Amino acid sequence: MLLYMSESQGATSVPLHSVSVAGVVVREDGRLLAIRRADNGTWELPGGVLELDETPEAGVVREVLEETGIHVEVDELTGVYKNTTRGIVALVFRCKPSGGTERTSSESTAVDWLTPDEVSERMAEVYAIRLLDALDGNGPHVRSHDGKQLITAG
C-alpha cells in the first residue's frame, strides 16, 4: 500500500512511503537464507518492493524466487520494520523452502544458508535483527531504524 499526499494541499502525487517484503527462509537444519546484494555488497534477506497488484505473501514468494532460485511457503508475519531515512516499511515473513536450487541473480552476487551466528557476523544489526526476530516466536515485532542503527522506543 502506498500513501499519497492530498491533491488539495497543492502537492503532487508523490509517495510518502514505499512497502517492501522480505522472507526469513528457515531450513530444517535451522540455517537461514541470505543474499549478498549486487548493488552494495551487503548481506541481507531476499526481498524487495511489493507490487501494487499483489498480496504481501505473494510478493515474498516472488522476491525470494527471483533473487535466490528458492521456492517458499509463507508461514507468518514476524515483523514490521521502518527505515525512517528512506521512508521504507518492510513486512518480514518467516517462510520454509519448498523446492528450487540456489542461484544468484542480477540483484545478488551470492546466496548462502547461514547459521544465526553467521547472520550476526555478516549483516548490519538493522538487517540481522529481522532474521533473529523471526526465530524468537514473539512476533510480530515492530521496529524502526535510520539505515544504520535501531531507534529505541520512548
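How do the residues of the lining of the largest pocket divide into nonpolar, polar and charged? The legends below take up this point last.

**View 1. Overall fold of the protein chain in a predicted model.** The chain holds 3 helices and 9 strands (DSSP runs: H or I of at least four residues for helices, E of at least two for strands, numbered from the N terminus). Along the sequence the order is β-β-β-β-α-β-β-β-α-α-β-β. Residues are numbered from 1 along each chain as its sequence is written. Local features need pLDDT of at least 70, side-chain atom pairs count only at pLDDT 80 or more, and totals for chains, interfaces and linings use all residues, while side-chain values use heavy atoms, without hydrogens and water.

**View 2. Burial and surface of the protein chain.** Of the 154 residues, 39% are buried (under 20% relative accessible area, 1.4 Å probe, protein chains only). The accessible surface (Shrake-Rupley method, 1.4 Å probe) is about 8,300 Å², and carbon and sulfur atoms hold 50% of this surface.

**View 3. The largest pocket.** Its space is about 620 Å³. A pocket is an open set of points on a 1 Å grid over the protein atoms alone, where a 1.4 Å probe fits, with protein on both sides within 12 Å along at least five of seven lines; lining residues have an atom within 4 Å of a point. Arg 37, Glu 44, Arg 86, Ile 88 and Tyr 127 are closest to the centre, out of 29 lining residues. β1 (18-25) and α3 (125-136) are among the elements giving two or more residues. β1 gives the largest share, 4 residues.

View 4. The lining of the largest pocket has 10 nonpolar, 11 polar and 8 charged residues. Asp, Glu, Lys and Arg count as charged; Ala, Val, Leu, Ile, Met, Phe, Trp, Tyr, Cys and Pro as nonpolar; the others, Gly among them, as polar.

How values were computed
Buried < 20%, exposed > 50% of the residue type's maximum accessible area, 1.4 Å probe, protein only. Points joined across faces, edges and corners; volume = space filled by probe spheres on them.
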